[in-house]
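Hi there,

Here is the structure I promised to pass on to you. Have a look at it first, and then read my notes below.

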Amino acid sequence: MSGELQAYALLVLVGFLPNEVWRMLGLVFAHGIDEQSELFMWARAVATAVLAGVIAKIVLFPPGALAGVPPVVRLGAIACGFAAFLLVRRSVLAGVAAGEVVLILGALAYGV
C-alpha cells in the first residue's frame, strides 16, 4: 500500500469510523422519540444557539485569512445568505452558496 493511500486509510479508520458508530446508535435510540416533545425542542434550541454563537464569533473575531476581509463584507455576506435562504423556500444550500459568493466577491473587491 502506498504512503498516500495509507494516510487515507488511517484517516477513515481513526477519524470517520468512530464517529459513525455514535451516529448509528443515535438513529437506533432516536427511532421512537417524538419530535414535538419538550426535551427534543430544547435540544434543538440549544444546538441552534451554539451554532449561532460560533458563527457570530467567527464573523466578529475572524481567524486567519478571514481577518483581512472587512467587517462590512462579512456582515453583508450573512445578510445576502439569509435573504437567499428565505427567497429560495428556506433552502440552506441556497443561503450558504449566496453567502459564499458575496464573501468571495467582496474579498476580491478589497484585494484580500
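**What I found**

Of the contacts in the protein chain (heavy atoms within 4.5 Å) between residues at least 6 apart in sequence, 39% join residues at least 24 apart.

Before you go on, please note that this is a predicted model: local features need pLDDT of at least 70, side-chain atom pairs count only at pLDDT 80 or more, and totals for chains, interfaces and linings use all residues. Residues are numbered from 1 along each chain as its sequence is written, and side-chain values use heavy atoms, with hydrogens and water left out.

The protein chain has 4 helices and 0 strands, where helices (H or I, at least four residues) and strands (E, at least two) are DSSP runs numbered from the N terminus. Along the sequence, this reads α-α-α-α.

How does the overall form come out? The C-alpha atoms fill a box of roughly 50 × 50 × 25 Å along the principal axes. Buried residues (under 20% relative accessible area, with a 1.4 Å probe and protein chains only) make up 15% of the 112 residues.

Now for the rings. There is 1 aromatic pair: Phe82 and Phe85 are stacked, at 6.2 Å centre to centre and 25 degrees between the planes. Here, rings of Phe, Tyr and Trp (its six-membered ring) pair if their centres lie within 6.5 Å, and planes under 30 degrees apart count as stacked, over 60 as edge-to-face and the rest as tilted. Phe82 and Phe85 are separated by about one helical turn because they are 3 residues apart in helix H3 (residues 71–87).

Best wishes

Terms used:
Buried means under 20% relative accessible area, exposed over 50%, partly exposed in between (1.4 Å probe, protein chains only).
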